[in-house]
Amino acid sequence: MSNPHPNKTLAPVVIGAIGVVFGDIGTSPLYALKEIFNGHHPIPITPDNIFGILSMVFWSIVALVAVKYVSVIMRADNRGEGGSLALLSLITERSHHRFVTWIISLLGIFAAALFYGDSMITPAISVLSAVEGLEIITPDFKPYVLPITVGILSGLFFIQRRGTGTVGLFFGPVMIGWFGVLGLLGVLEIARHPDVLAALNPIYAIRFIGAHPGLAFLALGSVVLAVTGGEALYTDMGHFGRFPIRLAWFGFVMPALVLNYFGQGALLLNEPAAIKSPFFHLGPQWALIPLVILATLATVIASQAVISGAFSVARQSVQMGFLPRMLIVHTSGKEQGQIYVPFTNWTLYFAVVALVLGFKSSSNLAAAYGIAVTGTMLIDTILVAFVMVLLWRWHPLVVALVAGAFLLVDIAFFAANVIKIPEGGWFPIVMGLISFTVLTTWRRGRKLVRRELAKQGIPMSAFLPAIGSDIHRVSGTAVFMTSSKEGVPAALLHNLKHNQILHERVALVTVETTDTPYVNDFDRLYLHRMEKGFMRIVIRYGFMEDPDIPLALEQCKRFGEPFEMMETTFYVSRETVIPGVLGRRINPWRARLFAFMSKNATSATDFFKIPNNRVVELGTQLVI
């Protein structure tokens, strides 16, 4: 899938990609080199070390972003969509080995869980690092840095419910200006010290690693800050397409980043004292205020991209059965990707504010940053190795060489970030583990609920013959929502038991989520007529789509089974989960967690967009 907008010219799509996809990695120059030379594990500022670090930064960008993600992993699209969950669906669709599928599923779920931890740190460190530029203008601004940062982030999260479509129109031009300034500042400084370009030669990185292996290992923990956001290129592929992202990266973004890093290196060669904030010291004194404003805008845009990504992952998780139903608001009538998930928004907001107030500086946050990104990158490498084998059918030797090389780099970066766990790296790990526990608990609980419902159910083959003339049939249509494509829904049995009536026409409707992002209208419906006015309907949706049952039922006209909403009653079963003696099936505390999530899930009526005045809700108690 080269361009998801075939009716549009390439230029607007490329501009849009620059505005959304590269925000995270594009704001890394604000803090990456500063953290390497002036962070928790500072590298002495000497010419040899500067050349060695610049070479490591450049070749890390080449290896992890340009080669691994842009050139290789972006080939592994799931009908145009990218990201860990899309990759998980792609592999499980082809894998027929139960144990392999189980391992892949856990890895994919954990990668999605780590993303939530990453999406909390990115807005905090990005905006804080930009606002800290005020201290360069005058130290008198220092007491106002935290309040201003919290104010900006609060405004950003509070406007999410209004939609970001209008603001999004400015993302591309602002980020083009940002990357243009990055490149220009770098070029001006490189012009004064052109010898710094010699660091493009990997021999400088090799010499630095050979001469100072301990320092080089510590440096890797901060060098990774230059590639954070590289994984977002793959996640956002579905919005812009493979080719526009590659064109923007190689033609504009990567050159601007490299020029700025080398410009900062050239500055440090001449003025080591500029390490307090090498990015802001690149500009002339008169440009500091405009530069702080532009940097703040760029970091807000980077934060917006991460927040939107979290909304997208939340929707995918709900559709794929990893999270309970939750309210998903569409903020645009034209762009289906523009959504707002209130629970995710406010969870992120409180976590981000807590991070800013708790860590107090971008340098302290940098210690927490990296572990989630390197963990995600490591998992992506493992998953794409399965893609190489199962889908691309690469020769095992080629897979071993390519994936093995990526794996060695990923392990090195991950290990270098593990030592940062006591300094703050624990935060994304804890958030990741909490998210992983929630995702897997809901998945396991739903499996047990389906099993319990199946035990209580009656096969249709036994139920239909038992319907005699003594059962009163009333006019109209009854739609019974059921998670199973077999047996009689519990809501139907309860209705028959208490009311002792059946409608003339009864539809048993099941909603399925496929392993593909979208399902075309022709393949969406499956309808099977049974005797005595019964029919079974299966409605299929992709994991990037939102269910709309009334809209889907309108398509039944082509089968000769029209649905008039004013003559249709929807019966929905509301399951109350009661944790039982669960030692052999699920831990008691996880059962209580599942019961809590089930109780607070959005009602099926709202989630499936069923008219409230046409719904009858019947309760069912289940002990799992």
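A: Let's start with helix H10 (residues 203-211) and helix H11 (residues 213-223), which pack at an angle of about 115° with their axes 5 Å apart. Helices here are DSSP runs of H or I with at least four residues, strands are E runs of at least two, and both are numbered from the N terminus. Axes are lines fitted to C-alpha atoms, for helices over the stretch in contact, with angles from 0 to 180 degrees between N-to-C directions. On the H10 side, Phe208, Ile209, Gly210 and Ala211 make the contact, and they meet Pro213, Leu215 and Ala216 of H11 (contact means heavy atoms within 4.5 Å). Sorted by type, these residues are six nonpolar, one polar and no charged. Gly counts as polar here, while Ala, Leu, Ile, Phe and Pro are among the nonpolar residues, and Asp, Glu, Lys and Arg are the charged ones.

Keep in mind that this is a predicted model, in which local features need pLDDT of at least 70 and side-chain atom pairs pLDDT 80 or more, while totals for chains, interfaces and linings use all residues. Residues are numbered from 1 along each chain as its sequence is written, and side-chain values use heavy atoms, leaving out hydrogens and water.

Now for some charged pairs. A salt bridge is a side-chain nitrogen of Lys or Arg within 4 Å of a carboxyl oxygen of Asp or Glu, and by this rule the count comes to nine. In one of them, the side chains of Lys34 and Glu132 meet at 3.6 Å, N to O. Lys34 belongs to helix H3 (residues 32-38) and Glu132 to the loop between helix H6 (98-131) and helix H7 (134-137), so this bridge ties together parts 98 residues apart in sequence. Lys34 is buried, with a relative accessible area of 12%, and Glu132 is buried at 12% too. Buried means under 20%, exposed over 50%, and partly exposed in between, using a 1.4 Å probe and protein chains only.

Another bridge joins Asp546 and Arg315, whose closest N and O atoms are 3.2 Å apart. Asp546 sits in the loop between strand E6 (534-541) and helix H25 (549-554), and Arg315 in helix H16 (residues 288-319), so the pair links distant parts of the chain, 231 residues apart. Asp546 is buried at 18%, and Arg315 is buried at 2%.

Glu512 is in strand E4 (residues 501-513), whereas Lys485 is in the loop between strand E3 (472-481) and helix H23 (490-499), so the bridge ties together parts 27 residues apart. Glu512 is partly exposed at 24%, and Lys485 is partly exposed at 43%. Elsewhere, salt bridges that share partners join Arg505, Arg529 and Glu561 into one network.

Finally, pick out Ser435, in helix H21 (residues 426-456). Ser435 is buried, with a relative accessible area of 15%. Beyond its neighbours within four places in sequence, Ser435 touches Ala113 and Tyr116. Its C-alpha atom is separated by 39 Å from that of Pro290, a residue 145 places away along the chain.
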